[in-house]
Amino acid sequence: MHKVLIVESDEEYRRPLLSALDGQCELYCAGNATEASLFLSSMAFDAMILDLCLPDLDGLSLLRLHIQHLPPCVLVITGFSSGYVQRYLSDMGVGYLLMKPCSVPVIVGHLKNMLRQTASLDVPNTPDAISGHIMQVLGLSPKRDGFRALLTGIPLYAHDPQQSLSKELYPSIARFLGIGNYKSVERSIRSAIQDAWVQRNPILWNSYFGTNSECPTNKLFIARLAQVLSENARWMRPGG
């Protein structure tokens, strides 16, 4: 069941939303930015419905403060908007903005569509499934040679993060995939990462790599996803 955080101070919207989603999602509710901050700092959510007009802090500031903890789905509802607000939300990777007044069924419909688009959040606990899922969420295409190379290389790096990419990891990937030149492995990985980064959702990428304005290097990308495997995959823990 999806975890959804509703950040709404207006009872006219909050109560009907809770009623409409009851039993369909695991719901958490915050009436102000302070409560929302506590939730975002301590829990991982699949989606958040956020009103920009909050009594203690505006919603844009809340988004900025928690850029590394935001859910993959953020639905903003507001009674006012401007070109600046829309550009700001776009830069933050928030592509869903509804203007008040809007009906609760419309809000719920948009939320369900967003969750469907980021479906398969329950990932099988195997190295290929975990790393493949994260890469697809980040926008890497499974059809790319670099994707297949990363799928092979990330678990290898997770087992030995001290190894050299050019002297050990790339040649190992090349041998496994039957590629003659390890340098083509390096180039294919670089191309796959860069192409996905250009089309990136900033919220998703920032959640893994921070707010760096530059595309992650091959080593940083591989090391970060290998870290995720090491932290979360039972296959790396004997008896897990």
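Predicted model: local features only at pLDDT ≥ 70, side-chain atom pairs only at ≥ 80, totals over all residues.
Colleague: Let me start with the whole chain. How many helices and strands are there in the chain?

Modeller: Count the elements before you look at any residue. There are 11 helices and five strands. Along the principal axes, the C-alpha atoms fill a box of roughly 65 × 45 × 30 Å.

Colleague: What share of the residues of the chain count as buried?

Modeller: Burial is judged by relative accessible area, with under 20% as the cut-off. Of the 240 residues here, 44% count as buried.

Colleague: Now a pair of helices. At what angle do the axes of H1 and H5 cross?

Modeller: Find the two elements, then compare their axes. Helix H1 covers residues 11-21, and helix H5 covers residues 104-117. Their axes come within 10 Å and cross at roughly 55 degrees. H1 and H5 are therefore oblique to each other. The crossing of H1 past H5 is right-handed.

Colleague: Which residues meet there?

Modeller: Look at each side in turn. H1 brings Tyr13, Pro16, Leu17, Ala20 and Leu21. H5 brings Val104, Ile107, Val108 and Leu111. Sorted by class, this contact has nine nonpolar residues, no polar ones and no charged ones.

Colleague: Give me a second pair. How are H8 and H9 placed relative to each other?

Modeller: Helix H8 runs over residues 165-177 and helix H9 over residues 182-198. Their axes are 8 Å apart, and the packing angle is about 90 degrees. H8 and H9 are therefore roughly perpendicular. On the H8 side, the contact uses Ser166, Tyr170, Pro171, Ile173 and Ala174. On the H9 side are Tyr182, Val185, Glu186 and Ile189. By class, that gives seven nonpolar residues, one polar and one charged.

Colleague: Let me try single residues. Is alanine 149 buried or exposed?

Modeller: Alanine 149 lies in helix H7, residues 145-159. Its relative accessibility is 1%, so alanine 149 counts as buried. Next, list its partners, skipping residues up to four places away in sequence. Alanine 149 touches Ile173, Leu177, Val185, Ser188 and Ile189.

Colleague: And leucine 151, in which helix is that?

Modeller: Leucine 151 is also in helix H7. With a relative accessible area of 22%, leucine 151 is partly exposed. Apart from neighbours within four places, its contacts are Asp128, Ser131, Gly132 and Met135. Sequence and space are separate scales. Leucine 151 and isoleucine 222 are 71 residues apart in sequence, while their C-alpha atoms are 9.7 Å apart.

Colleague: Now the strands. Where is threonine 78 placed?

Modeller: Threonine 78 is in strand E4, residues 73-78. Its relative accessible area is 0%, so threonine 78 is buried. Beyond residues up to four places away, threonine 78 touches Asp51, Leu52, Leu97, Leu98, Met99 and Lys100.

Colleague: Leucine 97 is on that list. Which strand holds leucine 97?

Modeller: Leucine 97 sits in strand E5, residues 96-99. Leucine 97 is partly exposed, at 28% relative accessible area. Setting aside neighbours within four places, leucine 97 is in contact with Val76, Thr78, Ser81, Gln86 and Leu89. Proline 72 is 25 residues from leucine 97 in sequence and 15 Å away, C-alpha to C-alpha.

Notes. Residues numbered from 1 in each chain as written. Heavy atoms only, no water. Axes fitted to C-alpha atoms, helices over the stretch in contact; angles between N-to-C directions. Helix = DSSP H or I, 4+ residues; strand = E, 2+ residues; numbered from the N terminus. Parallel < 35°, antiparallel > 145°, perpendicular 65-115°, else oblique. Left-handed = near helix turned anticlockwise from the far one by under 90°. Contact = heavy atoms within 4.5 Å. Nonpolar A, V, L, I, M, F, W, Y, C, P; charged D, E, K, R; others polar. Buried < 20%, exposed > 50% of the residue type's maximum accessible area, 1.4 Å probe, protein only.
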